[in-house]
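User: Hi! I'm new to reading protein structures. Could you walk me through this one?

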Amino acid sequence: IPDEEAPARPGKVLAENRLGREIRVSWNPSVSGDVASYLIRRILFQDTVLLDTCGIRQLVFTDKNAAVGQAYVYAVSAVDTAGNTGPAAFSDPVTMRDFDPPTATAFVTAALTEQGVRIRWEPAGDFDLAGYHVYRSDLPTGVMERLTKAPLKDLQFIDPSGTPGHWYRVRVMDTSGNESKPSGPVKARENR
């Protein structure tokens with residue numbers, strides 16, 4: 001008698017970002033008695049990639065090829081000894097992110113123009129650069145107020161309400177949401 005009944009789906013699937021280097025996927029076994037292996041798939045939007053086929057004793061898989069900044073869902077299906085594949089159990093979405101802040105930018109300048117204070121800086125060399133945030137204060141060691149809503153892609157920013165008495169700092173933002181240490185404070189100066 002051929003076995004055409006698919007095995008039951010595995011139990012809960014858990015996907016965890018591990019130190020910003022990999023995603024660890026673990027699951028509870030299927031309750032079916034004839035499970036021979038498990039299929040692990042990674043889903044990004046509409047694309048599904050088969051990552052591995054694991055034996056019945058292996059209930060953990062490490063995805064070392066997850067891209068920083070991407071949100072993935074992992075699917076695990078049981079395959080029985082007759083080759084039938086059961087329904088998948090899915091993880092909650094997990095975003096691959098690192099925990100290391102980017103390096104700070106250098107050579108920040110602030111000069112008064114007709115449009116306001118123009119702040120310029122050198123580019124950061126991080127591979128996962130999202131942009132830059134500009135901060136302003138009345139004192140070089142004062143509490144800085146962020147002027148930018150979203151990270152800037154440009155290497156300059158004009159503060160229309162800036163004056164020569166303001167101090168500015170720039171921070172680098174990466175795709176994981178980490179922010180660098182601030183640049184040194186720079187006082188706005190008048191062009192001569």
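Analyst: Happy to; we'll go through a few residues, some rings and a pair of strands. This is a predicted model, where local features need pLDDT of at least 70 and side-chain atom pairs count only at pLDDT 80 or more, while totals for chains, interfaces and linings use all residues. Residues are numbered from 1 along each chain as its sequence is written, and side-chain values use heavy atoms, with hydrogens and water left out.

User: Where is Ser 77 found?

Analyst: Ser 77 is part of strand 6, residues 71-80. Strands here are DSSP runs of E with at least two residues, numbered from the N terminus.

User: Is Ser 77 buried or exposed?

Analyst: Ser 77 is buried, at 3% relative accessible area. Buried means under 20%, exposed means over 50%, and partly exposed is in between, using a 1.4 Å probe and protein chains only.

User: What is Ser 77 in contact with?

Analyst: Leaving aside neighbours within four places in sequence, the contacts of Ser 77 include Pro 10, Tyr 38 and Thr 85. Contact means heavy atoms within 4.5 Å.

User: New topic: where does Pro 29 lie?

Analyst: Pro 29 is in the loop between strand 2 (22-27) and strand 3 (35-44). Pro 29 counts as partly exposed, with 42% relative accessibility. Not counting residues up to four places away in sequence, Pro 29 touches Pro 10, Gly 11, Tyr 38 and Leu 59.

User: How many aromatic pairs does the structure hold?

Analyst: There are three aromatic pairs. Rings of Phe, Tyr and Trp (its six-membered ring) pair if their centres lie within 6.5 Å; planes under 30 degrees apart count as stacked, over 60 as edge-to-face and the rest as tilted. One of the pairs is Tyr 72 with Tyr 74, which is tilted, with 6.2 Å centre to centre and 55° between the planes. Tyr 72 and Tyr 74 are both buried.

User: What lies over the face of Tyr 72?

Analyst: That's Arg 42, at 5.1 Å from the ring centre. A charge sits over a ring if NZ of Lys or CZ of Arg is within 6 Å of the ring centre and within 35 degrees of the ring normal.

User: Last one: how many bridges join strand 10 to strand 13?

Analyst: Four, and the two strands run antiparallel. Two strands pair if DSSP finds at least two bridges between them. Arg 120 stands opposite Gln 156 in strand 13.

User: Which residues are on the covered face of strand 13?

Analyst: Phe 157 and Asp 159 are on the covered face, while Gln 156 and Ile 158 are on the uncovered one. In a regular strand, side chains alternate between the two faces of the sheet.
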